Amino acid sequence: MCGIVGIVSQNPVNQSIYDALTVLQHRGQDAAGIVTVDDESCFRLRKANGLVSDVFQQVHMLRLQGNAGIGHVRYPTAGSSSVSEAQPFYVNSPYGLALVHNGNLTNSEDLKEKLFRLARRHVNTNSDSEALLNILAYYLDHVQTEKLSPEDIFYAIKKTHKDIRGAYACVAMILGHGLVAFRDPNGIRPLVLGQRTENGHTEYMFASESIAFDVAGFEFVRDIAPGEAVYVTFDGKLYSEQCAENPKLSPCIFEYVYFARPDSTIDGVSVYAARVHMGERLGEKIAREWADADIDVVIPIPETSNDIALRIAHVLNKPYRQGFVKNRYVGRTFIMPGQTQRVSAVRRKLNTIAAEFKGKNVLLVDDSIVRGTTSEQIVDMARAAGAKKVYFASAAPEIRYPNVYGIDMPTSHELIAYGRNVEEIAALIGVDKLIFQDLEALEAAVQQENPNIQQFDASVFTGQYVTGDISPAYLEQIAEQRNDSAKKKREKDATNLEIHNER
């Protein structure tokens, strides 16, 4: 889960890309990068570990000249947090090609083998995004003309679709030509198109979420369809074509539950409205199943669950209170690399307003329960603040299976709900009562905003993967790659490599 941006303009784009990345920062806090093209002849690149505001100083912004560019905020799922795996990636041949990618490829090892066998292309990192870039470059290299036509570019995208599997929303920049954005045939990860008119010229922008258009002064046009590619030349001509066989929209439902900002619209769905509907349905379930529960107050665990909890309080006719104060300078806890970091971060991230807990039976509301580490710590905080009873409601169903499409939920055994019933989970996190949203209700909450969405990627709840290619062997492989000890080893190896290269 990352954030991507691409802009073709008649004016410098460095500031607009920077601004867009700042409002997409929730999609990744590990690293950030921007590459622009100067007079269509030279890439200008800056990327590093850290937040957008830390990575780009004035000296970097001055160097990022050009009227077209792409940007990325990174949240690592494969590979390591090494700066060498920050995006954008680029290759010099053919033409000069740079790419940003949100998602995760499920056959990256096969792709690397194919690249070396057929094209002698070496992938230098563990990142699946670099493999994707090189596959696209390989097919663009098959075009035997100096100037690429839209048909040539769409041909390369079609061939790329046939080779790669998994989730991918991408924007690539081709020197001397333009930007091309494309999305996987299932539309698992979001990608939207915006435009604005400046001095009679139409300018275009691609982004992971529509909120990026607001800050950059673009208007939302539409979502990029599953399997579609949209090509915009540097002089502002737009072309689009369906490049995949049998595309079917199956967006990741966790985008609406947790990842996306509430002020974004994704695949025709207002994220805010979807969360309000989630609260409505969960409130009705609580009223139905907990009719005897003596709830005094409803308190959200900020911030994703705020709108959900407010609606639950309305349905239950109970007071809604903000019982936690959030430190906005601590990143999302369930994606942190180690258990010790996750535990300590909860205390740094949240603090209680004791008066809202003391002597009360509180209903805590969160968007989901993943590892359970955060939930357990928050329940302890509520009791320490004086709560008599602590009830807990999750706006998402039990998460029992790993995600393979760009969310770092590596192994079933790290998930608290795996192999456990509701009573067992309640005992582990220390609550008096626990309730989960039903999957049917969750899907209906999102479909209420866009009934044309017929199915979702809900694999973290069901274990059914929409790409149809996920085997037990693959799940075992990613478990070995992504557990905490493996991540620590990769970080150490990457650090040693960077130190060696700097000498």
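User: How many aromatic pairs does this one have?
Analyst: The count comes to 14 aromatic pairs, and it should be read with the reminder that this is a predicted model.

User: What's the geometry of Tyr75 and Phe259?
Analyst: The ring centres of Tyr75 and Phe259 are 6.5 Å apart and the planes stand at 50 degrees, so this pair is tilted. It connects distant parts of the chain, since Tyr75 belongs to the loop between β4 (68-74) and β5 (89-91) while Phe259 is in helix α8 (residues 254-259), 184 residues apart.

User: Buried or exposed, those two?
Analyst: Tyr75 and Phe259 are both buried, and together with Phe254, Tyr258 and Phe461 they form one aromatic cluster.

User: And what about Tyr138 and Tyr139, how do those rings sit?
Analyst: For Tyr138 and Tyr139 the centres are 5.0 Å apart and the planes are at 65 degrees, so that pair is edge-to-face; both of these residues are buried.

User: Which charges lie over ring faces?
Analyst: Lys47 lies over the face of Phe89, at 4.7 Å from the ring centre, and Arg120 lies over the face of Phe116, at 5.5 Å from the ring centre.

User: Switching to the sheet: what's the strand order?
Analyst: It is an open sheet of seven strands in the order β3-β2-β4-β1-β10-β9-β11, with antiparallel pairing. The edges are β3 (42-49) and β11 (219-223), each of which pairs on one side only, and from one strand to the next the twist averages 15 degrees.

User: How many bridges between β2 and β3?
Analyst: Strand β2 (residues 31-38) pairs with β3 in the antiparallel sense over eight bridges, and within this pairing Ile34 stands opposite Arg46 in β3.

User: OK, salt bridges. How many?
Analyst: The structure holds 25 salt bridges. One of them joins the side chains of Arg74 and Asp30 at 3.1 Å, N to O, where Arg74 is in strand β4 and Asp30 is in the loop between α1 (14-23) and β2, 44 residues apart; both Arg74 and Asp30 are buried.

User: What does the Lys158 and Glu241 bridge tie together?
Analyst: The side chains of Lys158 and Glu241 meet at 2.6 Å, N to O. Lys158 is in helix α6 (residues 150-163) and Glu241 in strand β13 (residues 238-242), so the pair ties together parts that are 83 residues apart in sequence. Lys158 is partly exposed, at 31% relative accessible area, and Glu241 is also partly exposed, at 28%.

How values were computed. Residues numbered from 1 in each chain as written. Predicted model: local features only at pLDDT ≥ 70, side-chain atom pairs only at ≥ 80, totals over all residues. Heavy atoms only, no water. Phe/Tyr/Trp six-rings, centres within 6.5 Å; stacked < 30°, edge-to-face > 60°. Helix = DSSP H or I, 4+ residues; strand = E, 2+ residues; numbered from the N terminus. Buried < 20%, exposed > 50% of the residue type's maximum accessible area, 1.4 Å probe, protein only. Lys NZ or Arg CZ within 6 Å of the ring centre and 35° of its normal. Pairing = 2+ DSSP bridges. Axes fitted to C-alpha atoms, helices over the stretch in contact; angles between N-to-C directions. Salt bridge = Lys/Arg side-chain N within 4 Å of Asp/Glu carboxyl O.
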